[in-house]
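Subject: The structure we talked about

Hi,

Here is the structure I promised to pass on to you.

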Amino acid sequence: MSIHRTQGIVLRTRKIRESSRIVVFFTRDYGKISAVAKGSLRPKSKFGSSLELFTRSSLIFYRKENRDLHTLSHSDILSAHKDLKKDVVKLAYASVAVEMVERLVPGEDPNKPLYQLLDSVLKQIELAERQQLEVVLTAYVLKMLHLVGYGPELTGCVRCSKAIGDKAWFGLVSGGVLCRQCHGQDLNAVEISQEALELMRKYEGEPMEELRQAYTADAVTREISDILGSFVRTHIGEGGKIKSLEFLERMRDASYA
Ligand SMILES: [Zn+2]
């Protein structure tokens with residue numbers, strides 16, 4: 001058994017037995033880990049509220065060789081995101097951010113840039129005005145896909161590398177933008193506007209905080225988020241669903257109606 005110190009963000013929790021939980025963290029140094037927090041549901045548990053969803057804490061855990069489930073020994077809150085947790089709409093956006101990591105990141109595979117991105121998106125969601133939320137989440141999804149190896153090609157045609165003309169398509173299977181000649185080869189290609197393509201490149205390249213301040217959700221952001229939603233569903237495979245994303249899309253459609 002070995003002892004490890006790191007910090008991590010709570011992605012999911014599940015009750016086991018009377019008073020304990022299994023907590024899935026995305027940690028800075030070890031990637032995604034699962035740990036048992038014994039007695040964490042008792043009223044005076046030493047873990048306090050540090051195991052709530054989205055909370056970032058410093059952690060100490062024990063690891064047994066060849067086991068996927070570790071034992072959490074201590075956790076101290078670094079960011080509680082109290083303002084985020086009070087707002088149901090923000091909760092819906094933050095849920096997509098953490099579920100994307102949970103679903104698309106393999107087990108214990110350290111990815112510090114992704115850890116920083118997840119930390120940053122939760123902060124930006126907490127700070128965002130309502131009309132900035134979709135910009136923040138859409139930019140996050142695009143950046144996140146790049147950090148886990150699914151980043152779409154947005155400069156030249158993903159099949160023939162030629163520059164994209166005045167009409168462009170996004171290939172959900174090909175994983176990027178397609179030119180007029182190639183789009184027919186991807187049965188799941190959808191047309192994408194020049195405005196959306198240009199904004200996607202900005203979302204990919206600029207820091208999230210600046211994007212949040214510079215843009216508000218409009219039809220172009222919606223076009224991008226619809227394409228990315230379909231792209232993610234295509235790549236997580238048969239029957240693959242990001243539950244929180246389906247929920248967010250239904251909620252968003254209802255509120256725009
Ligand atoms: Zn092409």
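Before you go on, two bits of housekeeping. Residues are numbered from 1 along each chain as its sequence is written. Also, this is a predicted model, so I kept to some limits: local features need pLDDT of at least 70, side-chain atom pairs count only at pLDDT 80 or more, and totals for chains, interfaces and linings use all residues.

Where they touch, 13 residues of domain 1 are in contact with 17 residues of domain 2 (contact is when the C-beta atoms of two residues, placed from the backbone, lie within 7 Å). On the domain 1 side, β1 (2-16), β2 (20-27) and β3 (31-37) each supply at least two of the touching residues. Helices (H or I, at least four residues) and strands (E, at least two) are DSSP runs, numbered from the N terminus.

Two strands count as paired if DSSP finds at least two bridges between them. β1 pairs with β2 in the antiparallel sense over 8 bridges, and Val10 has Phe25 as its bridge partner in β2. These two strands form a hairpin with 3 residues between them, and Arg17 in the turn has a positive phi of about 55°. β1 also pairs with strand β4 (residues 56-63), again antiparallel and over 8 bridges; there Thr6 stands opposite Leu59.

Next comes β3. It runs antiparallel to β2, with 7 bridges joining them, and a hairpin of 3 residues links the two. With strand β5 (residues 69-79), β3 pairs in the parallel sense over 3 bridges, and the partner of Ala35 in β5 is His70. Is β3 buried or exposed? 5 of the 7 residues of β3 are buried, so this strand is largely enclosed by the rest of the structure. (A residue is buried if 20 or more other C-beta atoms lie within 10 Å of its own, exposed if 12 or fewer, and partly exposed in between, with C-beta atoms placed from the backbone.)

**The core**

A nonpolar core is a set of buried Ala, Val, Leu, Ile, Met, Phe, Trp, Tyr and Cys residues joined through C-beta atoms within 7 Å. The largest one here has 67 residues, and those with the most contacts inside it include Tyr93, Ala97 and Val136. Helix α4 (residues 133-147) gives the most to this core, with 10 residues. Why does the core lie between domain 1 and domain 2? Both domains give residues to it, so it lies between them. As for Val136, its contacts include Val121, Ile125 and Met208, leaving out residues up to four places away in sequence.

Helix α2 (residues 88-104) has 17 residues and spans 24 Å from first C-alpha to last, close to the 24 Å expected at 1.5 Å a residue. That expected span is 1.5 Å times one less than the number of residues. Among the buried residues of α2 are Tyr93, Ala97 and Val101.

Helix α7 (residues 219-235) also has 17 residues, and reaches 24 Å, close to the 24 Å expected. Its buried residues include Ile224, Leu228 and Phe231, and among what covers the buried residues of α7 are α4 and α5 (194-205).

Asp83 sits in helix α1 (residues 82-85). It counts as exposed because it has 11 C-beta neighbours inside 10 Å. Gly151 is in the loop between α4 and β6 (168-171), and is partly exposed, with 15 other C-beta atoms within 10 Å. Leaving aside neighbours within four places in sequence, Gly151 is in contact with Leu145 and His146.

Cheers

Notes:
Domains from an automatic or database assignment.
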